[in-house]
Structures are given as structure tokens and as C-alpha cells.
Amino acid sequence: LSKVGFKAEFYNNKKLEGNPSLIRIDPAINFDWGEKAPAEGINNDNFSVRWTTVYKATNNTSMRFCMEGDDGYCISVNGKVLFSDWSDHATTSRECVLNVEKGKQYNVIVEYYDNTGDAKAKFAMYSLDKSKLKKYVSRVNNVVLCVGFNHVLEYEGGDRTFALPVSQVDLINDISSWNKNVVVVLNAGGGVDFTSWKDKVKAIMMAWYPGQEGGKALADLLSGKVAPSGKLPISIENRWEDNPTFNSYYIKKNSDQRRFQYAEGIFVGYRGYDRNGVKPLFPFGFGLSYTSFAYSNLKVTKLDVDRTRVEFDVKNNGKTAGAEVTQVYVGEVNPTVPRPRKELKGFDKVYLKKGETKHLSIELNADAFSYYNIDKHSFVMNNGDFCIMVGSSSENLPLKQIVTMSN
């Protein structure tokens, strides 16, 4: 390669076979061809490309290699595959980090093929000037670091990794070592692996995908204009292997397609964690605020066969106004069939000024105590004892009372 860029060899087949139909120098690999041919004389579909270049490291540093492609791609350096997604698929993205030595040459090969439909190939390799970043981060009082996934990494109809991209984890670890007041804002549609960095930052705000007004909402929350009051609608595990569905998710023989068995039945989410005896990192219903709340004075009253009233007090113990999502769970003490240890059956959101106490009342009907009987093909309620549990999450239920139900 005598010019700056990548030597590109285009083939009119998907396997990089035979003599290339076109050889040229591409200054960068940043192509979104859609359904058009990438160049004159090249097929619209069923073509492949091999890009090669030589990189000479100017410093001892970490290089990040990133690829986005529709369909297959493979990245190699000095004959070693860094990562690959060599299959027919919509746009996916991969990345990795490689430590390079000053003065050493690295032969980089980017291989790509298109099957049918849209064709896209985007590759980048770069190093982060950590000394410059450290200089700025070290002299500020607070850091808000936004990380997460995008439409390429997380989308409907495909799986993403449980871990954040490695470059983002490295960034969190670096910045939290340079500044002790770091808040991480996570944009994701579900749980991630927090274990390597959660204890290094002051707070984590789960933003999900908040939309175009999300920035304003986050600013109000981070500045203290509004106290956070959201609660997790899922449980987030320490490891993906801890998830109750882990063993039900498998790759079908002679295929790269994943299959799901739904073997957990009714034991989904927190119900599965209760059954397995595995504590999640962040349980269903969990969420912190700028204030704290105390629960007291639980009273359970049977009004009639179909109605049970659950009453309790919630007090704002902190120094700022806030809102709390109170949760009522029900569990049968001695079930005659396999049932979850507890199930969410009622909730209410209460707004409290600092020091304020409010009395709440949540009414449960017969459905809260029933299960589906497969023999009778209907929901039934057993006579016997049930435990009513009240609190702020599926793992924090300070109020409990037994109530006896009878038809």
C-alpha cells in the first residue's frame, strides 16, 4: 500500500474467491450502499470485499477497532481474528480493544460480504488521548457520563450483549479513577452487567430510551429540580447466567438461530429469583430517590369474600419532597400447587412533602389470591392462609401480615 487508506479488492461472489473484479484505494471504509451496486461492474447483491492496510503505532496505546455491517464481516490484525459476525443479518456492530506498541507495524484486514438487500460496511480504528481527557476530567467537580446502546446494538428482533461495549466500560473505569463524583446515565432497553463498575461511581440513572424530551427530563432530575421516583419494571441480575431463563435460551442444532423454550412457566422475573434462591443485583420494583421513606401501621381487613383492604402509612423521612411507589405482594402460605412465593397484586404512587405522612388504602379482590386450575379451566382461590407483604420493592417488604381466606 503506497497511498493513505485501504486497498480494496471487490469480488462478484460472497466468498472472496478468484480474481478481484475491481481493485482501488478507499480513503476510509464508510459505506451505506443500500440496494445499489458498490461500484461499476460489481453485483448489486452477492459480492464481497477485502480491505487491507498497514498501521504503524506512534505510541504505546490502546486501539479500538469498530465495525458495523449488513451482512457478514471479519476483522483481523497480523493474521489473528479480532472479531467476526460472518453470517446473513441486518446491521450489527462489534468492537474490541488491542494494545499496540510504539514503532510496530500492524497488518489490518477487513473482510465483508453482502447477501441480498441492503449492503453496509463501516469500519473505524482509533486511539483515545487519555492524557488530555484526564486533564479535563480531573479538574471538574462532577461528571455526568452517558453510556448505553443505540439502534444498531439494540433493536427489535435481535439480541444484544449483556455487557456494555468494552470501550464504554473502559471509559467508566478511567473517568471514575480520575474523578470521584461520577454519575452514569444508562440508555438501554433492559439490564446490563454493572458488576465491574457500579461501586466506582456515585450514582446510576437508568434512562431507558427517553425520546427527544429525555434530555430536559434528565436535567431536571440530575439538578434536583425533581426527585427521581421511577421503579424497575424488571429484575437485573449480577450475571446473565443468574437469569431464570438462562437455561431455556439455546442455539438450535445445525443452526446459528437461537430458540427459547419458555420452561420457566409462571416463574418469570422476580418469581424465578425467589424460586431459585438467587438474589438479583437490582430487584424488581427497586428505585432510589433524593429522600427516604418509612412504612408502618399495616392493617389488613376482609370486607367480604371478594374484597380485602390493605392499609398502611408511608412517611417521608428525608429533607426534600418526593414520590414513592408503594407495592403490595400476596403469597399463599401452604399452596396445593406450585405457586410463586409472592406476586405483585397492588401498588400506588404517593407524593409526600418532607416529614409528611400519608395513610394509604389498596383494595384487593379475589383474583389477588387465585390461581388458574388446569383441571377446572378456571381461576380458583384456596381456603387457607395468605401473607400480605408491603414495601418499596420485591426485596424490601418490611410490612407483613397473615390473612385467612375462605370461600
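This is a predicted model: local features need pLDDT of at least 70, side-chain atom pairs count only at pLDDT 80 or more; totals for chains, interfaces and linings use all residues.
Residues are numbered from 1 along each chain as its sequence is written, and side-chain values use heavy atoms, with hydrogens and water left out.

Let me start with the whole chain. Its secondary structure comes to 4 helices and 24 strands, where helices (H or I, at least four residues) and strands (E, at least two) are DSSP runs numbered from the N terminus. The radius of gyration is 28 Å, well over the 22 Å that the globule rule gives for 407 residues, so the chain is more spread out than a compact globule; that radius is taken over C-alpha atoms, and the rule is 2.2 Å times the number of residues to the power 0.38. Along the principal axes, the C-alpha atoms fill a box of roughly 85 × 60 × 35 Å.

Of the 407 residues, 43% are buried, and here buried means under 20% relative accessible area, exposed means over 50%, and partly exposed lies in between, with a 1.4 Å probe and protein chains only. If we take contacts with a separation of 6 or more, residues 24 or more positions apart account for 65% of them, a contact being heavy atoms within 4.5 Å. As for charge, the mean positions of the 52 positive and 47 negative charges are 8 Å apart, counting Lys and Arg as positive and Asp and Glu as negative, without His or the chain ends, and placing each charge at NZ of Lys, CZ of Arg, CG of Asp or CD of Glu.

Now to the interior. In soluble globular proteins, nonpolar side chains tend to be buried together. Which residues touch the most other members of the largest nonpolar core? They are Trp 33, Trp 51 and Phe 123, in a core of 28 residues, where a nonpolar core is a set of buried Ala, Val, Leu, Ile, Met, Phe, Trp, Tyr and Cys residues joined through side-chain atoms within 4.5 Å. Among the strands that each supply at least two residues of this core are S1 (6-11), S3 (30-34), S4 (47-56) and S10 (119-127), while S9 gives the most, with 4 residues. Not counting residues up to four places away in sequence, Trp 51 touches, among others, Phe 6, Ile 29, Trp 33, Val 108, Tyr 112 and Ala 121.

Next, the backbone. Most residues other than glycine have a negative phi, and most peptide bonds are trans. The bond from Asp 70 to Asp 71 is cis, with omega near 25 degrees, and Asp 71 is found in the loop between S5 and S6. Asn 46, in the loop between S3 and S4, has a positive phi near 55 degrees and is partly exposed at 32% relative accessibility. Trp 208, in the loop between strand S13 (203-206) and H3, also has a positive phi, near 55 degrees, and is partly exposed at 26%.

Finally, a few residues at other sites. Is Asp 220 buried or exposed? At 17% relative accessibility it counts as buried; Asp 220 sits in helix H3 (residues 214-222) and, leaving aside neighbours within four places in sequence, contacts Lys 225 and Val 226. Asn 141, by contrast, counts as exposed at 62%, in the loop between helix H1 (130-138) and strand S11 (143-148). Its C-alpha atom is separated by 8.7 Å from that of Lys 180, 39 residues apart along the chain, and Asn 141 touches Asn 179 and Asn 181, again not counting residues up to four places away.

Lys 315, in strand S17 (residues 307-316), is partly exposed at 36%, and its contacts beyond four places in sequence include Ser 292, Phe 293, Leu 352 and Glu 356. From Lys 315 to Lys 349, 34 residues apart in sequence, the C-alpha to C-alpha distance is 13 Å.
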